[in-house]
Each structure stands twice: as structure tokens, then as C-alpha cells.
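Work through these exercises with the structure open beside you. Try each task before you read its solution.

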2 protein chains.
Amino acid sequence: MGAGHTRFGVLEAGPRTLLRTAVDGAFASLDHGGGRNELGEAFLATLGFGGWQIGNSAAVLLEEATSVGLPTTRVENACASGGFALRAGVRAVERGDVDLVLVAGLEKMTDVGSARRRYWLGVSGDTEWERLAGLTFAGVYGLIASEYVARYPRAREALAEVASKNHENGTRNPNAHFQKLVSREAVLEAPRVADPLGLYDCCPVSDGAAALLLAPADRAHRYTDTPVFVDGLGASSDRLAVQERPELTRFEATRSAGRQAFRDAGIESSRVNFLEVHDCFTIAELLALEDLGFVEPGGAVDLTLSGATRATGRLPVNPDGGLKSKGHPIGATGVSQAYEIFLQLRAEAGARQVAGAEVALAHNVGGAGATAAVSIFSRG
Amino acid sequence: MGAGHTRFGVLEAGPRTLLRTAVDGAFASLDHGGGRNELGEAFLATLGFGGWQIGNSAAVLLEEATSVGLPTTRVENACASGGFALRAGVRAVERGDVDLVLVAGLEKMTDVGSARRRYWLGVSGDTEWERLAGLTFAGVYGLIASEYVARYPRAREALAEVASKNHENGTRNPNAHFQKLVSREAVLEAPRVADPLGLYDCCPVSDGAAALLLAPADRAHRYTDTPVFVDGLGASSDRLAVQERPELTRFEATRSAGRQAFRDAGIESSRVNFLEVHDCFTIAELLALEDLGFVEPGGAVDLTLSGATRATGRLPVNPDGGLKSKGHPIGATGVSQAYEIFLQLRAEAGARQVAGAEVALAHNVGGAGATAAVSIFSRG
């Protein structure tokens, strides 16, 4: 596997430049150089691109990769687009008839006005019962957080710890949108966005791209001396509208995708050294830890407040800063999670290196849990 | 393979109803009933859905299929979305770890105003050099047709024959948007849209959905006594902007996808009994015949004027009326082509049955040839 990444944030670069930068970075990461001529297929994860190439954008990816003339497919599952594109890319290399598959994720969100951006995002949630009733994603996650906070003591404090921890992790990631410390107190005192969630409980609107190069496992050593392997994949779905689900504080799509991924990888969750989870709002990180089976329902509060999920804890979560601090350019996010895992498992993560990282899990959610993809990686 | 289809046209039904109707039809087509509980994965092809679920729409498909909780992925490659979703679905069943895969295509185009629709469509072509310069898809195909007509005698007459033939075929398809005869003279005398193309050289704006159920070849007989097999797949891409290509009257993506599909199926083009090609404009049908290797460049004129591509000719093209007469609900089109082939190869096409149909080819194009998917089917 090779991997490239742009800075995340409010960027001057347009979507083509972002794609090219990420793809060039992925090729540059191949230890033995080359690879351009061995590309056999491509997948692009994006929701709105930059507003000017909403359809057929997979063809743009190949123009920027200077590989026009290959099969190329845009995969879109809202914020889980990247995780599903990764899955599609892995399936393509598993066939064994191509040497390299490119998986890229992109969003250029700050080029378009906030009304259109709200439309892009809104049309990824349920329309009939949520969007048209005025319920935004912050509102949906606010409802979920309300229920969670009412149910478990110290939950609000744990949410603040998620934000504070991920902001601290972001200070060690030069690609992160935010690279500043935010204290738990600052999180708790921030203006409300959707009660109980405040400003620092929400991820930002970011531009950015990430790219991966995947090879069949038996050919990985042709491209690198330190391959990273995808050992397990899981993907699932749920009803779009949260009101139609039996439980607000549980994402069945994550649970099902997680079970599949562990079964596929043939390992128990205790083998995982660190996680990249979809913390679009702080509450989402707590739910992920529970839905992925690392703790029982409600157990994420104590786990988080114990410091276990910090960069130096026993189960670091979002060492790159997560969506919260690194940023969340929709289509890029699932690919960016795999990029971080690529660096960590190769011991190339610099100041944020997780000690002894051998097995990692990525968890990417679309909408408020209507789609979810989980992937398990190892350094082989 | 099972297959379902809604009426195409200006429909009252919304996108959810269209999806449900097509999916129910696909399950109903399974000769031995059942199948719902054996569904393992789903793919949805759509460009703009109905304007209210542009992101995460693959989750809606599973709600309407009453199969929430499975992996589901939206595939979008503009007008070739359906062909690429079919390819993704075939790849999924080839793995052999699921029994049935659902591939659906949908577009609800008439629900949104023409400005937004123009935006949806426009953002599937090149933006920088075409859309922002005012060049629409009709304009691009008009440029291509101008060059073609200047180069080959009687080409304008052949274009009129394509329209007239496909309208005649549409009169025998109860699902077609248009079911009326249009003479060659009427085509030639129609108001110009983009010289030399007139009103009847252009496909309409339609609502509609289609769905397929795919099973691993070794399990097909569990579901049907008359299976249809996908023998070959090809997919490719090209530069978005036609000005960046060496030839206007040749689609490299079609050529490359066609070669792959024939190689994959292990057959020569002479084995194909009839074609479903992407006739978004009449010129596109002529180019397809040439790019797929059925005739040399320019040869589609004589072939078409000879009557060979009529329903009763030696190589019927678009027996269902094609995009021209059946309609072109963007995401549904590639899936609809496979539906027609399903009926024809099972000898269930009624008044439009192609005699002795054993092998058929589907050709689906995104944008003005920036993406293309080709599939070859047989009745086994």
C-alpha cells in the first residue's frame, strides 16, 4: 500500500490540484519508485467535489493521475464514501488481474456558499422526516447526545475529553485543519450548536484529499519493503431516519460492519492497537467505541475519562486528530483514516507515532449511521 | 439473473416508489420465487436521484428493497452509472460469498426545475472548457455530428434513420417514454437543437428505474430455469473535454471497454445477435457501432441505411427503442439495457422479440465518452 495526503483546512488549491497532490504523494510513498504504468483501475470518493464536477468526477481523477483510459468509478455513500471506495479498491486487487489500484477521496467544501454546502450535506441525511423538518446533522447528533448524556453519568465530561484529546492529537499532525489545544473547560463553555453539543463538539468544514495505492498481497514487495495489509473489511447500512431505529445511542450499521471486519480478519478486538473512528461530533467517537465492541454500552465514558484513548493510552483513538481536529473533507475522510494507519503501521508518524502499532482499525460512517464501513489493517 | 423495470417517462411516482417497483419486479422475475432473504449486497446507480437524496441514496435503495443492514454502495459515473454499477455487482457475485446481489438504477428528473436539471447534467461534462463556455451536451454531440456529417456522405440521412428506427422500436415497448412513429422526413425537418442535430436526434428527459438480481453462475439454477449470463465486462475512461482528444468522431473509452469485454467473454463481435447502445443523440449510435468494432469508421452510415440495425435486420440495435425513444433516466439507463437483454435472451420480449437472440452486448457512456462500460451477455 502507498498513501498520500494534502493539508486539510481552508485551502487555496482547487479540487484538481488537491487530487494531483494526494495521488503524487501516494506514488512517491512507494519505496521502489515507479508504479504509474502498472495502475489498472481507480476509485474516487467524493460527495460534491468542488461543486463544478458533481457527475463523472472519476474521470477527473484519472486526468490528474495522468492515467486516462482505465476503468474508474466514483463511489458515494455520504461521509462514508472513502471507506466504501477503499472496500471497492481492495475487492478489485483481490481479483489479482491488476497490479495497482488507486483509491482517492476528495472534498473541496469552502469553494461553495454555505447554503449550497448545507444542501450537499443535508441531502445525505433523511429528507422526509429530518431535513424538511429542519433537523440538521448537528441536530441529529445533538438528539443522540442528549439521550446518551441523560443515560450515563459524566457523559458530558467524556464528550469534552474527546474534543480536547483530539485537538491535542491534532497539534502533532502537520496536515490537520486545527493545530491548537482546546481544554475540556473551553469545550464545555463554548457556544451551543445543538444541545448538549457545543462548537468544539463539532468537526469543521474542510478542503482536502487523500489517496491510496493498493496492490495484491503477493505483489506488495514489488512496491515496498514495509507493506501494510488490509486484513478485514466490513460494510453495512441502516435506516436513514434515526426515528425509525429502535435505539438512538447505537448504530447498527457500525455494529454489523465491525463484526464482519473482525470475522474477515480472523482476530479479536483485543488485537487492535489503535483506532481511527468517525468523530464527526464528539458523541460519535463514544458510540463507535461501544458499537465496535471495545466496551459495553455506556462504557466509553469511563474508558475515555481514564485516558486510555489518548495518544499515550493503551488504546489510542484518532491519533491524527480525527475529524474533530484534522478536519472532515467528506469524501477524503475514509481514505485519510487509512493514510494515518499506513504511516503508523510503518512507524512513520513522527511526533504522533503510536508505540508498538501492529494492528489498526478504521471506522467510517455515512449520514447519521445509515451506512458504515470498517477496515482492519496490519503491518503483516 | 432477475430483472425489473418501471415505465419510463414523465411519471407521477416519486423516486422511492420507482425503486420499489423495479426491485419488486426483479424479485418477481425469479422463476422459483423467494430470494429476499438471500440478498447479500446492493449497488445503486443514480446521478441526482430526485434532488432530495443526492448523498447516501444507496441506503434508500435497501429501505425500499426491505433489506436494511446489508452493504450498499452508490456508483456514479454520469450517464454510465448503470453500466458501472452492473460491473460492480458482477464483481461482487464473482467472489462467491453472497447468493444474490441487487443492482438498481434510478433517476427522477422531472421533479426538479430545468435550471437545476441542467446543472446536474452539465456538471457531468467538462466544466472548465465546455460548460462554462456555454457548451451543453447537445452542443458537444452537435460538434461531433458536424464533423461526422462533413466527413461521410449520407450521414445526415443515417442519423434520421437511427431516430426513426428507434422510435419504431419504441412503439413495441410498453415501458417506452415515446411510443409513436417518427418518419425520417420529420426528423430532418424538426427544429434544430445543435446543428446538425434536431429535436428528434435527442433523447428525452425521463423518470424511471430498473433493477437486476445477480447470482453466482453456479447458483443461477436455484433462482431460474432460464438464466442469463454475463460473459464479459469492459470499462474505460477518456479525457472529459472533447477538445483534448485527437479525434472528435471516435470514443476511445468505448473502444477500449469493448475490446476488454470481447476479450473477457472470449468471443468475436460476429457472435453478437443484437445490441443495446447508448444513443443519447443519434450520432452516438453510429459512433458506437464503429467504436465497438462492428464496422470501420464511417461504416455505420451504410450499415444503418441498409436496414441491418432494424428490429428485423441482421444486427438489431436498440430493439427497446434505445435512449432515443424509451427514454434516458440517467442512472437507470445502463441497468435498463441489461433488463432488455434479459427479456430478449429469455425470449420474453413479446412484440419486439429479436429472433434467435443468444448473445447480446450493452454499451453505456458517461458524459461525451469520458467513461464507458460494455457488457456481453448470453443465455448460456
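**Exercise 1.** Find which strands helix H1 of chain A lies across.

*Solution.* Keep in mind that this is a predicted model. Start at H1(A), residues 15–28. The helix lies across S1, S4 (100–107) and S7 of chain A. Now compare directions: H1(A) runs at about 35° to S7(A). Turn to chain B. There, helix H1 (15–28) packs on the sheet and touches S1, S4 (100–107) and S7 (208–214) of chain B. The direction of H1(B) makes about 35° with that of S7(B).

**Exercise 2.** Work out how S1(A) is joined to S7(A).

*Solution.* Count the bridges: there are four. Check the directions: the two strands run antiparallel. Pick out one pair: His5(A) stands opposite Ala210(A) in S7(A).

**Exercise 3.** Trace the order of strands in the ten-stranded open sheet.

*Solution.* Begin in chain A: S1, S7, S4, S2, S3. On average, neighbouring strands are turned by 20° against each other, direction ignored.

**Exercise 4.** Describe how chain A meets chain B.

*Solution.* Look at the strands: three bridges join S3(A) to S3(B), and these run antiparallel. Glu76(A) stands opposite Arg74(B). Then widen the view: 41 residues of chain A are in contact with 41 of chain B. Elements giving two or more residues to chain A's side include H2 (57–64), H3 (81–94) and H9 (252–265). Finally, sort that side by class: 19 nonpolar, 15 polar and seven charged residues.

Note on methods:
Residues numbered from 1 in each chain as written. Chains lettered and ligands numbered in written order. Predicted model: local features only at pLDDT ≥ 70, side-chain atom pairs only at ≥ 80, totals over all residues. Contact = placed C-beta atoms within 7 Å. Nonpolar A, V, L, I, M, F, W, Y, C, P; charged D, E, K, R; others polar. Pairing = 2+ DSSP bridges. Axes fitted to C-alpha atoms, helices over the stretch in contact; angles between N-to-C directions.
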